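Here are my notes for you to read alongside the model. Keep the structure open and check each point as you go.

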Amino acid sequence: MGNRPVRSSLSVACFSVAALAVSTPAGAADAPDIFGTFWATRYDAKIQIVGGGDLPLTAEGKAAYETNIAGLKDGSITDAARTWCVPDGLPRVLASPYPFEIINAPRGQVTIVYELNHEVRTVAMDKPLPSDKELIPYPYYNGHSVGHYEGDTLVIETAGFNEKTFLDATGAPHTDEMHTLERVRRIGPTEIEDVITIHDPQYYTRDWQARFVYELRNDVRLEDYVCGEPHRDISSVAGVRRP
């Protein structure tokens, strides 16, 4: 993560800003069927790349990852998301083994509320990303997100991250130039997927993707979450380490 100087621009060359130019704002009637309460079908502490293999780290990214792994092991680096309940950041929050809600509200916004750490993501619909000048002074843990609908898919573009988070629970690193693109869609009667593309050329040699699948669970209600206290049983989620 480190204290690198903030650069004057974000590397977003691989994404087309024109893709966000939606002429007519999407209303509730136009929205795909992706709203409700969902729960992950499995949990992986280490992020899994679509297609398999290791993270495509640059030499600088590999050094940052090794520093994070060693620091988390010896205690010189703190996993703040689990110690102080700060936001997980992307894409780590997508791997949460706790339920979350996707809400088509308020008007002009999609809101995602995670039980873990009580995180709230707001996605401004049919708006362009803020300019570099607007993003750089105000970096967020989960970045600044805008979205639009492409048929049955919610497309979310996010930039303007701080460097205080990991990509996963193992300490996979990112820079403040990271840029993500998510495609959220229903893949069955009770399932949705979120496929996220990571663009961060300083730490990664190429763009790469991770895929997360969730089960619709409208029988579940989000509960209070406080770091260090017992919470709901998540042992039914595949990959969760049993006590």
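1. Start with a side-chain pair. Threonine 158 and serine 145 make a polar contact through their side chains, at 2.7 Å. Bear in mind that this is a predicted model.

2. Where does threonine 158 lie? Its place is strand β6, which covers residues 153-159. Is threonine 158 buried or exposed? Its relative accessibility is 0%, so threonine 158 counts as buried; the cut-off for buried is under 20%.

3. Leu90 leads to the next point. Leucine 90 is joined to proline 91 by a cis peptide bond, with omega about -5 degrees. Proline 91 sits in the loop between α2 (80-83) and β2 (100-103).

4. There is another cis peptide bond to find. It joins alanine 105 and proline 106, and omega is about -10 degrees. Proline 106 is in the loop between β2 and β3 (109-114). Why point these bonds out? Most peptide bonds are trans.

5. Now check phi. Cysteine 85 is not a glycine, yet its phi is positive, about 60 degrees. Cysteine 85 lies in the loop between α2 and β2.

6. Aspartate 126 also needs a look. Its phi is positive at about 60 degrees, although aspartate 126 is not a glycine. The loop that holds aspartate 126 runs between β4 (119-125) and α3 (132-135). Aspartate 126 counts as buried because its relative accessibility is 16%.

7. Turn to helix α1, residues 59-74. Helix α1 has 16 residues. From first C-alpha to last, α1 reaches 23 Å, close to the expected 22 Å.

8. Which residues of α1 are buried? They are Gly61, Ala64, Tyr65, Asn68 and Gly71.

9. Finish at the end of the helix. Glycine 75 follows α1, and the phi of glycine 75 is positive, near 90 degrees.

Terms used. Residues numbered from 1 in each chain as written. Predicted model: local features only at pLDDT ≥ 70, side-chain atom pairs only at ≥ 80, totals over all residues. Heavy atoms only, no water. Helix = DSSP H or I, 4+ residues; strand = E, 2+ residues; numbered from the N terminus. Expected span 1.5 Å × (residues − 1). Buried < 20%, exposed > 50% of the residue type's maximum accessible area, 1.4 Å probe, protein only. Polar contact = N/O pair within 3.5 Å; in protein donor to acceptor, adjacent residues only side chain to side chain.
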